[in-house]
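Here is a short report on one protein model. Keep the structure open while reading.

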Amino acid sequence: MPLDEAALETLGLGTLWVRRGASIEPEPAQDDPVAQPEPHAASAAAVSAPKAVRTPAPRETARGPEPARSGAVAPSAPPAPRVKPEPPVEEPAWDDSAHPHAHAPLALAEPPGAGAAGGVVTLDWASLEARVSACERCRLCEKRTQTVFGVGDRAAEWMLIGEAPGENEDKQGEPFVGQAGKLLDSMLRALSLARGDNVYIANVVKCRPPGNRNPEPDEVARCEPYLQRQVALVKPKLIVALGRVAAQNLLKTDASISSLRGRVHRYEDVPVIVTYHPAYLLRSLPDKAKAWVDLCLAHDTYRQVLDKGQAPL
Ligand code: URA
């Protein structure tokens with residue numbers, strides 16, 4: 001199965017997944033800021049490893065693809081846990097654990113003077129991007145440096161949807177450019193995917209919430225037509241919802257992330273797999289193994305869509 005071992009290493013799963021017969025380097029992954037996986041994380045190794053597949057189609061890419069490495073892998077005995085001090089993470093404290101203040105997203109009626117989202121459903125990419133960059137439909141426009149529209153392959157089969165831009169994204173205008181973004185890139189590499197190559201990345205909300213707070217329900221509601229249009233234009237075969245806030249808002253639920261994981265949902269009739277937010281995974285090592293299980297489910301679902309044209313619910 002093609003798997004990028006370096007990417008798994010970065011996910012903290014490298015010592016659980018090794019090439020058959022290969023020796024295990026005891027050094028921790030350089031990028032991994034946290035401890036190696038707990039023994040119970042070995043359950044992730046029991047899941048079939050994804051195989052990169054891509055149906056031929058012309059692609060518009062924002063970044064060049066990274067080379068994917070391949071090699072047969074098999075689970076090894078889990079290593080003794082090692083703990084490294086956690087470096088500072090510039091992302092906010094996204095918390096994907098059960099959240100006492102989790103709220104059900106609201107589908108709000110348009111308040112007077114909110115600014116119309118009218119006609120978004122007919123916009124092409126250029127007009128949609130221009131509309132987003134000029135958007136003043138909610139208070140988030142007041143403090144943003146710039147909008148963060150989305151990045152990647154606009155004809156991608158995979159669409160990853162996060163919560164909202166953080167500080168770095170607000171400065172650079174691109175989703176997931178901080179530490180969490182590096183981890184996200186590793187997660188993609190572990191699937192033999194890359195940002196910009198058959199992958200499009202966007203957020204539920206296009207402007208940074210001040211202080212990196214969670215977006216408010218009305219902010220999400222005002223921004224949703226943009227995401228809906230992005231999904232309609234990309235026409236992905238699969239959506240991966242990154243984190244609780246993205247998942248709850250896409251799926252219109254206040255269910256916990258743990259209850260949403262492990263099954264196929266739908267957004268705009270596209271199959272959706274829920275996994276943890278990469279910023280949360282930077283701080284929660286055991287859940288990295290669960291995230292790998294989610295990615296394997298995502299890949300299996302994607303294959304089913306390719307094979308049958310439809311993913312089971
Ligand atoms: N977290 C998100 O959800 N999105 C980003 O773009 C960056 C961090």
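## An exposed loop residue

Asp-269 counts as exposed, at 63% relative accessibility. The cut-off for that class is over 50%. Asp-269 sits in the loop between E7 and E8. Its phi is positive, near 65°, in a residue other than glycine. The model is a predicted one.

Lys-252 is partly exposed, with a relative accessible area of 42%.

## Overall make-up

The protein has nine helices and eight strands. It counts 313 residues, and 55% of them are buried. Take the contacts with a separation of 6 or more: 79% of these involve residues 24 or more positions apart.

## The sheet

Strands of a sheet pair through backbone hydrogen bonds, in parallel or antiparallel fashion. Here, six strands form an open sheet with mixed pairing. Their order is E3-E5-E4-E6-E8-E7. Which strands lie at the edges? They are E3 and strand E7 (265-267), each of which pairs on one side only.

Two helices that pack on the sheet can be described in turn. H5 touches E4, E5, strand E6 (238-242), E7 and strand E8 (270-275). The direction of H5 makes about 165° with that of E4. Helix H9 (residues 285-308) also packs on the sheet, touching E4, E6 and E8. The direction of H9 makes about 170° with that of E8.

Strand E5 spans residues 199-203. How many of its five residues are buried? Five are, and the strand is mostly covered. Both faces are covered. Val-199, Ile-201 and Asn-203 are buried on one side. Tyr-200 and Ala-202 are buried on the other.

E5 pairs with strand E3 (residues 151-152) in the antiparallel sense, over two bridges. Gly-152 has Tyr-200 in E5 as its bridge partner. With strand E4 (residues 158-162), E5 runs parallel, and five bridges join the two. Trp-158 stands opposite Val-199 in E5.

## Helix H2 against H5

Two packed helices are described by the angle between their axes and the distance between the axes. Helix H2 (residues 125-133) and helix H5 (residues 217-234) pack at about 160°, and their axes are 11 Å apart. That angle makes H2 roughly antiparallel to H5, because angles over 145 degrees fall in that class. Their crossing is left-handed.

Which residues meet here? H2 contributes Trp-125, Leu-128, Arg-131 and Val-132. H5 contributes Tyr-226, Arg-229, Gln-230, Leu-233 and Val-234. By class, the contact has six nonpolar, one polar and two charged residues.

Methods
Residues are numbered from 1 along each chain as its sequence is written. This is a predicted model: local features need pLDDT of at least 70, side-chain atom pairs count only at pLDDT 80 or more; totals for chains, interfaces and linings use all residues. Side-chain values use heavy atoms; hydrogens and water are left out. Axes are lines fitted to C-alpha atoms, for helices over the stretch in contact, and angles run from 0 to 180 degrees between N-to-C directions. Helices (H or I, at least four residues) and strands (E, at least two) are DSSP runs, numbered from the N terminus. Angles under 35 degrees count as roughly parallel, over 145 as roughly antiparallel, 65 to 115 as roughly perpendicular and the rest as oblique. A crossing is left-handed if the near helix is turned anticlockwise from the far one by less than a right angle, and right-handed if clockwise. Contact means heavy atoms within 4.5 Å. Ala, Val, Leu, Ile, Met, Phe, Trp, Tyr, Cys and Pro count as nonpolar, Asp, Glu, Lys and Arg as charged, and the others, Gly among them, as polar. Buried means under 20% relative accessible area, exposed over 50%, partly exposed in between (1.4 Å probe, protein chains only). Two strands pair if DSSP finds at least two bridges between them.
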